[in-house]
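Work through the exercises below with the structure open beside you. Try each task before reading its solution.

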Amino acid sequence: MSLPDYRKLVIIGDIGAGKTQLIQTLSEISPVTTEANSSIDIGKDLTTVGIDYGRISLNEETALGLYGVPGQERFSFLWDMVSESVWGLMVLVKSTEPPRLDYLDRLLSHFIDAKEKTPCMVALTHSETVEHSELKNLSAQIDLVLHERDVSAPTLPIDCRSEQSAMLLLHTFNAMNIHRTSAT
Amino acid sequence: MKAIMYMSQSVDPVPKIWLPANLENILARARSNNRKHGISGVLSFKKGHYLQIVEGPNDEVDQLYANIQHDPRHKSVSVICTIQTKQRYLQDWDMKLIPFCAVDTQFVKFMKDHVVGKNDLSTAQQEVFSLFYNLQSTQHDRPSMLAHNEHEYRLKCWPNFLDIKPTPALLGLCALLIGGGWLSCEQLLADSDYGRDKNLHRVLDDLNAQKLLEHRNLQTAEATARRQVVRHAQTPSDSNDPGGLSFYQRMKQFLGARRVS
């Protein structure tokens, strides 16, 4: 992408966390998806095997690229492809499954540039059917990992199908970027 | 009924991973066991150290503490305080995980009642304890009233958005307060979506009541310098944008057109 002012929003999460749906909700173009039949039961037939791509154009020369990246470590070569000049890192965590804190820790260590203060958010997806106390436990565990990594990031429930929810994420990332004086 | 607060060290540091291996399983097992034995508690973890309070029937708490001392996942177990109590501090929590001790109301109350001012921790204990809680600060006191326009502010950590509705205005304000040092009401009004003093003051008061907000007297010269830094982010980072707007401003326009509410 050769636009003069082009930034990347990296959306990463485990199988079935909602990456493809979130990009569909945000993108102005039909997302380029790379899905295949899932080898495990994730409540749907297809899962992402490569990078999903979408875009939001802010004018002719300014755009935000949306990159949905599978969270499985065997795809970490894809993480390298998108980890430069990140405007925001969106980590999707499926609320209906036990958290994998070691895995979250590895993701943060890969993507977060402490010097650059890469803006980061953690979104709890599929939270509608999960009890509030369970969500609080999950959120506390995630906050503990973030704190250990000295990453300041909000954790909040979202609905990847909802435009309002998706726009809320963009709004927050934009506010977080106000402190970054260097171009991303 | 009794309560014990203790610290210990994790023995299983996994290379490049900062948390104890299988922390989620440790928590799940602790919750299940504590429920069976009528024990409530809190647990925090920082840089390889655990801090825990467990409370419940005397015999059950003694047995649990004896188990912890022999648990191969812990080393350097040391008691901060043991108290007899008639009522639980940590009602409703089999094992509550607290990422930020200083903003947890139950933890802070326990500290105020039984630890702060006792000064009987060894130097080594104080050093580890300071990872979790600053005994010298006034964070155990009630939050003082804000003199809104005479103070500047910053956030200790993000609010818990499972208890508070995450609106764009609140998220934007918190992003400002957490990322760039101290900010005055004047700066916050200019850069956040709270258009009126009254609305901003109400939100600051709410954050203060939750012990999330730090404040100090306004320091004008520093504030002016920081304001220039923030403004830099709102102007084009290079001269390629013919419209003269930064990415930040264009995104703000885009979101305004989509009417995020």
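The exercises that follow treat a predicted model, from its confidence to its packing.

**Exercise 1. Confidence**

Task: Find where confidence is lowest and where it is highest in chain B.

Solution: 
- Start with the whole model. Its ipTM is 0.85 and its pTM is 0.84.
- Go to chain B. Its mean pLDDT is 82, and 82% of its residues reach 70 or more.
- Now split by element. Helix α8 (residues 220-233) of chain B has the lowest confidence, with a mean of 58. Strand β3 (residues 49-56) of chain B has the highest, at 93.

**Exercise 2. Make-up of chain B**

Task: State how many helices and strands chain B has, and what share of its residues is buried.

Solution: 
- Count the elements. Chain B holds 9 helices and 8 strands.
- Take burial next. Of the 261 residues in chain B, 49% are buried.
- Then look at contact range. Take the contacts in chain B between residues at least 6 apart in sequence: 71% of them join residues at least 24 apart.

**Exercise 3. A hairpin in chain A**

Task: Describe how β4(A) pairs with β5(A).

Solution: 
- Locate the strands. β4(A) spans residues 52-59, and β5(A) spans residues 62-70.
- A hairpin of 2 residues links β4(A) to β5(A).
- Read the pairing. The two strands run antiparallel and are joined by 7 bridges. One bridge can be picked out by its residues: A:D52 has A:G68 in β5(A) as its partner.
- In β4(A), 6 of the 8 residues are buried, so the strand is mostly covered.

**Exercise 4. A sheet in chain B and its helices**

Task: Work out which strands stand at the edges of the open sheet of 3 strands in chain B.

Solution: 
- Write the order. It is β7-β6-β8 (chain B), with antiparallel pairing.
- Read off the edges. β7 (183-184) and β8 (213-217) of chain B each have a single partner strand, so each has one side without a neighbour in the sheet.
- Inspect one pair. β6(B), residues 151-155, and β7(B) are antiparallel and share 2 bridges. B:E152 is bridged to B:S184 in β7(B).
- Place the helices. α7 (residues 197-209) of chain B packs on the sheet and touches β6 and β8 of chain B. The direction of α7 makes about 115° with that of β8(B).
- Helix α5 (residues 168-179) of chain B lies across β6, β7 and β8 of chain B. This helix runs at about 95° to β6(B).

**Exercise 5. Two residues**

Task: Decide whether B:N34 is buried or exposed, then find what A:H132 touches.

Solution: 
- Apply the cut-off. Buried means under 20% relative accessible area. B:N34 has 4% relative accessibility, so B:N34 counts as buried.
- List its contacts. Beyond four places in sequence, B:N34 is in contact with B:I39, B:L64, B:D94 and B:M95.
- Turn to A:H132, in helix α4 of chain A. Its relative accessibility is 40%, so A:H132 counts as partly exposed.
- Find its partners. With residues up to four places away left out, A:H132 touches B:L162 and B:D163.
- Finish with a distance. A:H132 and A:S152 are 20 residues apart in sequence and 23 Å apart in space, C-alpha to C-alpha.

How values were computed:
Residues are numbered from 1 along each chain as its sequence is written. Chains are lettered from A and ligands numbered from 1 in the order in which they are written. This is a predicted model: local features need pLDDT of at least 70, side-chain atom pairs count only at pLDDT 80 or more; totals for chains, interfaces and linings use all residues. Side-chain values use heavy atoms; hydrogens and water are left out. Buried means under 20% relative accessible area, exposed over 50%, partly exposed in between (1.4 Å probe, protein chains only). Helices (H or I, at least four residues) and strands (E, at least two) are DSSP runs, numbered from the N terminus. Two strands pair if DSSP finds at least two bridges between them. pLDDT is the predictor's confidence in each residue, from 0 to 100. Contact means heavy atoms within 4.5 Å. Axes are lines fitted to C-alpha atoms, for helices over the stretch in contact, and angles run from 0 to 180 degrees between N-to-C directions.
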